[in-house]
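Here are some questions and answers on one model, with the sequence and structure shown first.

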Amino acid sequence: MANVTVIGAQWGDEGKGKIVDWLASRADAVVRFQGGHNAGHTLVIDGTTYKLSLLPSGIVSGTLSIIGNGVVLDPWALKAEVEKLEGQGVKITADNLAVADNCPLILPIHRDLDGLREAAAGSGKIGTTGRGIGPAYEDKVGRRAIRVCDLAHLDHLEPQLDRLCAHHDALRAGFDQPPVDREALLEELRGIADFVLQYAQPVWKRLKKVRKAGAKILFEGAQGVLLDIDHGTYPFVTSSNTVSGTAASGSGLGPNSTGYVLGIVKAYTTRVGSGPFPTELEDEIGQRLGERGHEFGTVTGRQRRVGWFDAVIVRQSCSISGVTGIALTKIDVLDGLDEVKICTGYRLRGQVYDYFPSHAADQAAVEPIYETMEGWKESTAGARSFADLPANAVKYVQRIQELIETPVSLVSTSPERDDTILMRDPFMD
């Protein structure tokens, strides 16, 4: 039995929540390995909707859920999310939730800095969620982060606070803000410490034990490959590596443990916030797809930009992230269209490109080359076998598979967990 790593192969929001939940019901442990509470997952189980932004999707089904060291953790957001799920009847204890004790913390000063920067950026806005994710990662790399394990040693935090405040006080002065109130920060940390510490442990050790027992582990990525800090549409990216290779470093297990890589791909394309988007539709079709697909961010509520399927960026994502197979989601949103289009390449200053260039100006200037296919009038919603799909929908799936040079492992036809067509079981690879 293989372990499985799930990543988004576009700009995030591909429908990972449903797929991860479906896989989590068959896994023994689910691990979040990067990102923060900016990564929204919506699960619909037996008609009940659960909205997660930090907790691994397995928590709803009672599967052991682990927040790995590659995540930046907002302890107050963690508490709020746990309490919200408990209010929906989900049982969360130290037996089914573990938090890496070497996770860096997102602090109120990170949220402050995030908001101040975006407000001052004008047309240069990155489009962050304002939750302090980026500044927290900066402090991690700058070796001045306060981590989960530090919550057990708050009386000895002064040297770390010196480093942290020396950096943040200078930044805050540039925005005409007062210095960090160290005592207030310490009081907030004291108020949340016990809640977080009940789940804290060296999760690499827990995972080693789980793996040694032969259990199935599901690694759950956040955002998408095109938001990767190295491989995405820089600078309009997130602050972590979102590619599958991060599952190893962000969890404490080696790269030989991450198994089958399942890339989640929407049957069209969306992105939230600023940045290049070659196939974006700003017409009636784009409006229709956005409305039918309920394209609003789980965390922010922001309306997503919508466009045709871009085979170029998905092929690139699959190559960079070593994707074994894809899960194609939301194909039902395309039902009823007379025709559907797929981007197969780009034109840029008279040349044809079969990849997405790295420079921001080139990314903004490329013109998509489309292949047009006949649409289908029949409904695909709720289909659970390939035979249930309209012939033209089958052709569309097969053509995507050819263009991205990666097989389709499963097709999702609604938000419900069981409305899934399985062609290849990732756990059996």
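**Buried residues and cores**

Me: Where does N392 lie?
Reply: This is a predicted model, in which local features need pLDDT of at least 70, side-chain atom pairs count only at pLDDT 80 or more, and totals for chains, interfaces and linings use all residues. Residues are numbered from 1 along each chain as its sequence is written, and side-chain values use heavy atoms, leaving out hydrogens and water. Helices are DSSP runs of H or I with at least four residues, and strands are runs of E with at least two, numbered from the N terminus. By that rule N392 lies in helix α12, residues 391-404.

Me: Which backbone oxygen does the side chain of N392 reach?
Reply: N392 is buried, at 16% relative accessible area (buried is under 20%, exposed over 50%, partly exposed in between; 1.4 Å probe, protein chains only). Beyond four places in sequence, N392 touches E374, G375 and W376, a contact being heavy atoms within 4.5 Å. At 2.8 Å, its side chain reaches the backbone oxygen of G375.

Me: Is S57 buried or exposed?
Reply: S57 sits in the loop between β4 (48-52) and β5 (64-67). Among the residues it touches beyond four places in sequence are G17, H41 and E220. Because its relative accessibility is 0%, S57 counts as buried.

Me: Which residues have the most contacts inside the largest nonpolar core?
Reply: A nonpolar core is a set of buried Ala, Val, Leu, Ile, Met, Phe, Trp, Tyr and Cys residues joined through side-chain atoms within 4.5 Å. The largest one has 105 residues. Those with the most contacts inside it are L73, L78, F309 and Y396.

Note on methods: A polar contact is a pair of N or O atoms within 3.5 Å; within protein, one must be able to donate a hydrogen and the other to accept it, and residues adjacent in sequence count only if both atoms are side-chain atoms.
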